[in-house]
Amino acid sequence: MGLSENPRFFLLIDKIIRRSKIIGLALSIIGLIYFCVIDKIDKNAELDARSFAQFPGNSTLTKKDEDFLNETNSYFESYEYKDGEHVIDIVHDYIKRMSSLVDTEKYEIKINDKVKDNILISNVGCKFCNNIENLIVVINFDYKERKYYHSLVVGLTLINHFLNANYMSKDIIFLFTNKELLYSLGVQKFIEHYYYGNTENRKVLTRSSIIIEFESIYPSHIEINYESLNGMLPNQDLILLLRNELNHYNIPIKTDPVYHSILNVALEKKYEKGHIYFLRENIPSFTITGASKVPLKRKIINLFNFTKSLQSFLRSQSNTHEGFCHSTNFYFFNTIKKYVPISLYVFCAYLICSYCILKLIKGTIFRNYVNFIVGIYMYIITILTISMPIYLFSTNEKIYDLIKSEKRLPICTEWHPDNFNKYIEISNYWLRIFIISLFVAFILNYFISWVIYKYVKIWDYEKDRKIQKIIILDKIRYLNNLLYNSSDANYIKKFVNRYKTDIEYINKENKLIKPKVIHSDDEDFVDAKKKKRVIEIIHEINDMEKDLYLLGDEKFKYILKNTIAPYNYIMNHANIFYFLFVVIVSSMYNWAYSILFCIILVTPVSMLHNIKVKRHKMTSKFIILFFILGALMYLYPFGGFILDMRNKIMSMLMNFSAKCLKYMNSSGLSKKMYFPEFLEFICSNKIFDTLYLNKYYLDNKDIRFNYNSEISNNVLLNLYSIARNHYCIGSQLYPLLCFTFFPILFYIAFIFFVQ
């Protein structure tokens, strides 16, 4: 007898299914714990192409190059700018004085109707190659900055060196662009001009791109930013290659901790970094930034050693790409020496959702195709009703042409506190449309719920059943043992033989009235209690024998009822189905969003499924009510008492978290080997950061510059910011929120209050 035909195997599976609630809950808790300690499950980062870069520190820069760097720095620091003179023209002339062999082109870019700017493209060709491959180095600096020129002098020193180098097998393109341009517009325009404006360049294969910028006059360390939009990441071999070089020259390196990186990728907070546009073109890219917490001159990094590490990094790339293992794109760093692969990380989301998965599999609602069609159809209609209007009115200008209304779309060419009220007014218009959509969706769902309720009330809904012969026989055996192997077996046999013909007609639901005080002479009540239990068991055995008769020679059979389930049952299952669908799809597309999405919503979605229609569990009811009120309070966009109370609660939570973090650092707990980094992340208040960048750009003399503008309620400004990122650069966080978070939150509230 095989395993599939073994009765004990079927009985074991049945017991497991009956305990699916406990199993699912245990797996979900394990998944959450696994996520909290994921930073401890890391791998050593090793250079996959080490055979092509056998040792770090192979820089060929000499004292002559160091003198050139110092002279270049002195030249720009002492340069006297004339009225209307552009720094790009100065850089262009400086490169031409270095050598006429550098192919340098100044390209004008349009920021808006009133403002224009320039970028500079310099191509240092290799001497012995076919010019099919190239590397890109972006020198990102502030055109108006007159105090330091770190990135500029580093770029010019590299150009001067590679002009005379004969070992490179790839061209090197140096792009000089304005750091203060919104959305790294200089990088965008370069890609548009270089790859799409010239058909000849489409034959060129760009192997990598690196962006160099400085945020401090006295940088004390180098930050490596590799996070991008929509879950895109570069090849880690390039980062590890640069890490080896920086370590060799004793330059401190810093990356964001694991959970900070997950939040940044999920909420797409690094949208200002220029490397995201190269990643869209399948070009591995990342940004290195010279920064410091407190700018102290004595802690500044050695700029020439930094230049040597970059030169060695570029030299090593002359042949390393042929040896790269490109399966290492999907990762995030724990430290710069260790990383966590997404192949390990992504299972956290699936384990956390185990409870929902088992509940959906065990449920019988969707076994009836009518319930499934009704649930999916109504969910799609609700998504279109809730999400589509706000999405179209905030991202599509044709909708305004259709209704012949004034356009209220995000503005891509400016971002300044003086205009925050204008941005809030635009997003407030979208919000009013969203509230109207919610009202329409509520009326629609309530009407369908009323129609189905009337239908179910007439036909009496019954769940579909699955009957299995082996399970029925096991239950009959158990009941017979219970009936005839008890201490009162002789009494029961006599009772059954005496009243055998009458038992079938006795009502098994007949209730006994227990006397208030049981004395020793209350034998009638005890006897009636025994008889009632016997009758219940015999009725249960008779029902099972009827199921056996229905089965005939079959091993199992589904008994399907052609009735529609109550609307709250259907939409409960539809809500779980859509929740799991979003988690699975987003884990393959934006892997960081999937874990954030499931952690926020898995508890209310799971508990809502467990709430009965007649008897509500008070604990589950309180948790879901707390979640709904908390979400509405957090998303509340208007002023008044609720806003003031929310600000006070958030301020209290942030102060408490800051005190906890201070205690952990002072006591040394955070430095313990097995201390969970997730707890430190929670206490860092990173989750309360705004979704808009505190970087202002507006080149318009008619606008007054008031940087003291305070926003007491930034919900509408956050809404405008993420919609603007989607409209201007294609960030996917906004449609994800519109089409996933809002519908599920709506059905959690609808099913909880209207059932």
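Trainee: Where does N685 lie?
Mentor: N685 sits in the loop between α24 (677–682) and α25 (715–729). Keep in mind as we go that this is a predicted model.

Trainee: What makes the phi of N685 worth a remark?
Mentor: Most residues other than glycine have a negative phi. The phi of N685 is near 65°, a positive value in a residue other than glycine.

Trainee: Is N685 buried or exposed, and how do you know?
Mentor: Buried means under 20% relative accessible area. N685 has 11%, so N685 is buried.

Trainee: Which residue other than glycine has a positive phi of about 55°?
Mentor: That is Y183. Y183 is found in the loop between β5 (171–178) and α6 (185–196). With a relative accessibility of 3%, against the cut-off of 20%, Y183 counts as buried.

Trainee: What does N713 touch, beyond its neighbours within four places in sequence?
Mentor: N713 is in contact with Y636, P637, F638, L643 and R646.

Trainee: Let's turn to helices. How are two packed helices described?
Mentor: By the angle between their axes and the distance between the axes. For helix α20 (residues 567–589) and helix α26 (residues 733–753), the axes come within 10 Å and cross at roughly 155°.

Trainee: Why are α20 and α26 called roughly antiparallel?
Mentor: Angles over 145 degrees count as roughly antiparallel. The axes of α20 and α26 cross at roughly 155°, and therefore the two helices are roughly antiparallel to each other. The crossing of α20 past α26 is left-handed.

Trainee: Which residues of α20 and α26 meet?
Mentor: From α20 they are Y567, N568, M571, N572, N575, Y578, F579 and V582, and from α26 they are F739, T740, I744, Y747, I748, F750 and I751. By class, this contact of α20 with α26 has 11 nonpolar residues, 4 polar and no charged.

Trainee: Helix α14 (residues 369–395) packs on α26 at about 140°. Why is that pair called oblique?
Mentor: Over 145 degrees would count as roughly antiparallel, and 65 to 115 as roughly perpendicular; the rest, apart from angles under 35, are oblique. An angle of about 140° falls in that remainder, so α14 and α26 are oblique to each other. Their axes are 9 Å apart, and the crossing is right-handed.

Trainee: What kinds of residue make the contact of α14 with α26?
Mentor: There are 16 nonpolar, 4 polar and no charged residues. Among them, M378, Y379 and T382 belong to α14, while Y734, P735 and C738 belong to α26.

Trainee: What makes Y593 buried?
Mentor: Y593 lies in helix α21 (residues 591–610). The relative accessible area of Y593 is 4%, under the 20% cut-off, so Y593 is buried. Leaving out residues up to four places away in sequence, Y593 touches A266, S586, L733, L736, L737, T740 and F741.

Trainee: And how do you know that S437 counts as buried?
Mentor: S437 has 7% relative accessibility, which is under 20%, so S437 counts as buried too. S437 is in helix α16 (residues 420–459) and touches T385, I386 and P389, not counting residues up to four places away in sequence.

Trainee: What does UniProt list as "transmembrane region"?
Mentor: The unreviewed entry lists residues 339–358, 370–392, 429–453, 576–602, 622–643 and 733–754. In the model, residues 370–392 are 100% helix and 0% strand, whereas residues 339–358 are 75% helix and 15% strand.

Trainee: Finally, how many helices and strands does the protein have?
Mentor: The secondary structure comes to 26 helices and 13 strands. Of the 755 residues, 50% count as buried.

Note on methods. Residues numbered from 1 in each chain as written. Predicted model: local features only at pLDDT ≥ 70, side-chain atom pairs only at ≥ 80, totals over all residues. Heavy atoms only, no water. UniProt positions renumbered as here; feature names shortened; annotations may be inferred. Helix = DSSP H or I, 4+ residues; strand = E, 2+ residues; numbered from the N terminus. Axes fitted to C-alpha atoms, helices over the stretch in contact; angles between N-to-C directions. Left-handed = near helix turned anticlockwise from the far one by under 90°. Contact = heavy atoms within 4.5 Å. Nonpolar A, V, L, I, M, F, W, Y, C, P; charged D, E, K, R; others polar. Buried < 20%, exposed > 50% of the residue type's maximum accessible area, 1.4 Å probe, protein only.
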